[in-house]
Amino acid sequence: CFDEETGLQALGLRPGLPHGGRRTAAPGRDALIEHQYVRHGSRTLAAVVRPDTGQLVCAEVFPSRGYDTPCAIAMLESVLDVLPAERYAKVHVVMDNGPTHRSNAMKAFLASPEASRLHVVYTPTHASWLNLAENFLSRFHRRYLAGKRYESLDAFDTDTYRCIDDYARVARPM
């Protein structure tokens, strides 16, 4: 299953806030984070997930404005590299009907001899839950990224890749 989550915000805290802008929870008091923040930019997280094992075949962080059809094609090429032809003669890929997945360049790639092992199944419109990569991205965002603040985009990227490695250790079938 292949999908991407666009517009992941790398937010930072305004300098000079006491306690780093955080107040820890106490009996009768919720944990709080300062509502004022600095925007460092945004990223796109693209992932290919095996539903039978829950493992990531590949995951990559892209600049939000830099993610396009060639990036999606590169992800599919890395799937073919990771899954050897000797063991996986046919690779079934579930994708939504996003513009990067239905573009002319993607259609040309899927028709090429190098992608002959790929059998693509597109989910129906408004049925994103059928693509388990959507499920992974939602759970990953809630578990690893929600509520965090970063010093820079590089810190966001580093932390996201660290979280991807952590997820790989605890992945379960979907």
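Predicted model: local features only at pLDDT ≥ 70, side-chain atom pairs only at ≥ 80, totals over all residues.
Residues are numbered from 1 along each chain as its sequence is written, and side-chain values use heavy atoms, with hydrogens and water left out.

**Start with the whole chain.** Show it as a cartoon and you'll find five helices and seven strands (DSSP runs, H or I of at least four residues for helices, E of at least two for strands, numbered from the N terminus). Trace the sequence and the order reads β-β-β-β-β-α-β-α-α-β-α-α. The C-alpha atoms fill a box of roughly 60 × 30 × 30 Å along the principal axes.

Of the 174 residues, 39% count as buried, meaning under 20% relative accessible area with a 1.4 Å probe, protein chains only.

**Now go to the largest pocket.** Select Arg 50, Pro 51, Leu 83, Val 91 and His 92, which lie nearest its centre among 15 lining residues. A pocket here is an open set of points on a 1 Å grid over the protein atoms alone, where a 1.4 Å probe fits, with protein on both sides within 12 Å along at least five of seven lines; lining residues have an atom within 4 Å of a point.

**Colour β4 (37-49) and β6 (91-95).** Each supplies at least two residues of that lining. Which strand gives the largest share? That's β6, with four residues.

Technical notes:
Buried < 20%, exposed > 50% of the residue type's maximum accessible area, 1.4 Å probe, protein only.
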